[in-house]
Amino acid sequence: MDDVLKAAIFIIALMGGGIGAYAGVTVVSVLKRRFEAKLEGPSFPSQELDAIHGLEARVAELEERAEFAERMLAEKAEPERLSRGSILDNQH
């Protein structure tokens, strides 16, 4: 009976060691992948990248339109200020 108990303990110890080794390798590989992913930066699916690039292009277009509108308003306001300023200057 003593030999059977020793054999069972030995088998259980081998199984425990194998399970522990497997768990250790799994944890190390998961940590390695996470560390490498952090070094590479965030990864996005191609559809999301296309959407981001489309939004960047749209923002650039809207910025150009806003700048154009500002220039047009400034050109329109400048002659009015000059004409009003010259009228006031002539009156004094």
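Student: What makes the contact of Glu-61 with Arg-65 a salt bridge?

Tutor: This is a predicted model, and in it the closest N and O atoms of Glu-61 and Arg-65 are 3.1 Å apart. The cut-off is 4 Å between a side-chain nitrogen of Lys or Arg and a carboxyl oxygen of Asp or Glu, so the pair qualifies.

Student: Why are Glu-61 and Arg-65 said to be about one helical turn apart?

Tutor: They are four residues apart in helix H2, hence the separation of about one turn. An α-helix has 3.6 residues a turn, so residues three or four places apart point the same way.

Student: What makes Arg-58, Glu-61 and Arg-65 a network?

Tutor: Salt bridges link the three residues. Glu-61 pairs with Arg-65, and the side chains of Arg-58 and Glu-61 meet in a salt bridge at 3.5 Å, N to O. Arg-58 and Glu-61 both lie in helix H2 (residues 46–91), three residues apart.

Student: Why is Arg-65 called exposed, and what are Arg-58 and Glu-61 called?

Tutor: Exposed means over 50% relative accessible area, buried under 20%, and partly exposed in between. Arg-65 has 53% and therefore counts as exposed. Arg-58 has 42%, so the label is partly exposed. Glu-61, with 31%, is partly exposed as well.

Student: How many salt bridges are found in the whole structure, and which one lies in helix H1?

Tutor: The search finds three. The side chains of Asp-2 and Lys-6 meet in a salt bridge, with 4.0 Å from N to O. Both residues lie in helix H1 (residues 2–40), four residues apart.

Student: Why is H1 said to lie largely in the open?

Tutor: The number of buried residues among the 39 of H1 is zero, so the helix lies largely in the open. For the chain, buried residues make up 0% of the 92 residues. The secondary structure comes to two helices and zero strands. The chain exposes about 8,700 Å², of which carbon and sulfur atoms supply 66%.

Student: Which residues make the nonpolar surface patch, and why is Met-15 called exposed?

Tutor: Phe-10, Ile-11, Leu-14, Met-15 and Ile-19 make the patch, which covers about 560 Å². Met-15 is found in helix H1. At 52% relative accessibility, Met-15 counts as exposed, because the cut-off for that label is over 50%.

Student: Which residues gather in the patch of negative charge, and what is Glu-67 called by accessibility?

Tutor: Glu-63, Glu-64, Glu-67 and Glu-70 gather in that patch on the surface. Glu-67 is found in helix H2. With 45% relative accessibility, Glu-67 counts as partly exposed.

Conventions
Residues numbered from 1 in each chain as written. Predicted model: local features only at pLDDT ≥ 70, side-chain atom pairs only at ≥ 80, totals over all residues. Heavy atoms only, no water. Buried < 20%, exposed > 50% of the residue type's maximum accessible area, 1.4 Å probe, protein only. Patch = residues over 30% accessible without salt bridge, like charges linked within 9 Å, V, L, I, M, F, W, Y side chains within 5 Å. Areas by Shrake-Rupley, 256 points an atom, 1.4 Å probe, with all protein chains shown as cover. Lys, Arg positive; Asp, Glu negative; His and termini not counted. Charge placed at Lys NZ, Arg CZ, Asp CG, Glu CD.
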